[in-house]
Amino acid sequence: MEQRINDWCENNGYTYVSVPKESIQTVHDLLYCDIVSDKLINSIEMLYYGLYYNNKNEIDLMIKYYKQAGELNNGVAMYNLAKHLFRMGEYEESRNCYILAAKCGITEAIYHLNDSKFSKDGYDILSIILKDLLEDQNVLYLLGLYHASHDEKIMMKYYLMAIEKKSTEAMNQLGLHYR
């Protein structure tokens, strides 16, 4: 059944997210039999409900399930919701969802935050938007990773900040950069 879930994702243009054993039946039944459960037990089920309703173009239900999954710190759901809101021109709410997705470690969310719709007079928009997140070693690492191909000085700044917060990923990446 898990392979069929993966196939559904691939056939519908979604990235497969691993489904816990206890949720495989629920997700499979939704995607292949249109059986809707009234008792979702985790954010992965909610994420797949969001994908399912997105695929059916039932936007209100898609948003509902993405928000529920996001409340349980599902970064993929917040990222998907942010992309939808951005396409609808709801930039403020989109930005907030991208920030939450970034907090959950979704690298692509940080890249999207650099969009000109969020920029303010050429300032380092990522620093402005993520200012409150600069205590998070994962976000600092991701910022360093982002800037690695753009600006070595800024990359170094974020990697060193992440290393100060004990980020082994930043330490490793910095070593690889200077190898």
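**Loops and helix pairs, in questions and answers**

User: Is D34 buried, partly exposed or exposed?
Analyst: Welcome! This is a predicted model, and in it D34 has a relative accessible area of 44%. Buried needs under 20% and exposed needs over 50%. Because 44% falls in between, D34 counts as partly exposed.

User: Where does D34 lie, and what is its phi?
Analyst: D34 sits in the loop between α2 and α3. Most residues other than glycine have a negative phi. D34 is not a glycine, yet its phi is positive, at about 55 degrees.

User: Is N42 buried or exposed, and in which loop is N42 found?
Analyst: N42 has 14% relative accessibility. That is under the 20% cut-off, so N42 counts as buried. Its place is the loop between α2 (21-33) and α3 (43-55).

User: Which side chain makes a polar contact with the side chain of N42?
Analyst: Leaving aside residues up to four places away in sequence, N42 touches P20, E22, S23 and L72. The N42 side chain also reaches a backbone atom, the nitrogen of I44, at 3.1 Å. Between side chains, a polar contact of 2.7 Å joins N42 to S23.

User: How far apart in space are N42 and Q68?
Analyst: Along the sequence, 26 residues separate N42 and Q68. In space, C-alpha to C-alpha, the distance is 9.5 Å.

User: How are α2 and α3 oriented to each other?
Analyst: The two axes come within 10 Å and cross at roughly 10 degrees. Angles under 35 degrees count as roughly parallel. So the description for α2 and α3 is roughly parallel.

User: How many nonpolar residues are in the contact of α2 with α3?
Analyst: From α2 come E22, S23, T26, V27, L30 and L31, which meet E45, Y48, Y49 and Y52 in α3. By class, two of the contact residues are polar and two are charged, while the number of nonpolar ones is six.

User: Which residues does S167 touch beyond four places away in sequence?
Analyst: Setting aside residues up to four places away in sequence, S167 touches Q137, Y141 and A162.

User: What is the handedness of the crossing of α9 and α11?
Analyst: Helix α9 (residues 137-147) packs against α11 at an angle of about 20 degrees, with axes 9 Å apart. The two helices are therefore roughly parallel to each other. Their crossing is left-handed.

User: Which residues of α11 make the contact with α9?
Analyst: The α9 side supplies Q137, Y141 and L145. Across the whole contact there are three nonpolar, two polar and one charged residue. On the α11 side, the residues are E169, A170 and Q173.

Methods: Residues are numbered from 1 along each chain as its sequence is written. This is a predicted model: local features need pLDDT of at least 70, side-chain atom pairs count only at pLDDT 80 or more; totals for chains, interfaces and linings use all residues. Side-chain values use heavy atoms; hydrogens and water are left out. Contact means heavy atoms within 4.5 Å. Helices (H or I, at least four residues) and strands (E, at least two) are DSSP runs, numbered from the N terminus. Buried means under 20% relative accessible area, exposed over 50%, partly exposed in between (1.4 Å probe, protein chains only). A polar contact is a pair of N or O atoms within 3.5 Å; within protein, one must be able to donate a hydrogen and the other to accept it, and residues adjacent in sequence count only if both atoms are side-chain atoms. Axes are lines fitted to C-alpha atoms, for helices over the stretch in contact, and angles run from 0 to 180 degrees between N-to-C directions. Angles under 35 degrees count as roughly parallel, over 145 as roughly antiparallel, 65 to 115 as roughly perpendicular and the rest as oblique. A crossing is left-handed if the near helix is turned anticlockwise from the far one by less than a right angle, and right-handed if clockwise. Ala, Val, Leu, Ile, Met, Phe, Trp, Tyr, Cys and Pro count as nonpolar, Asp, Glu, Lys and Arg as charged, and the others, Gly among them, as polar.
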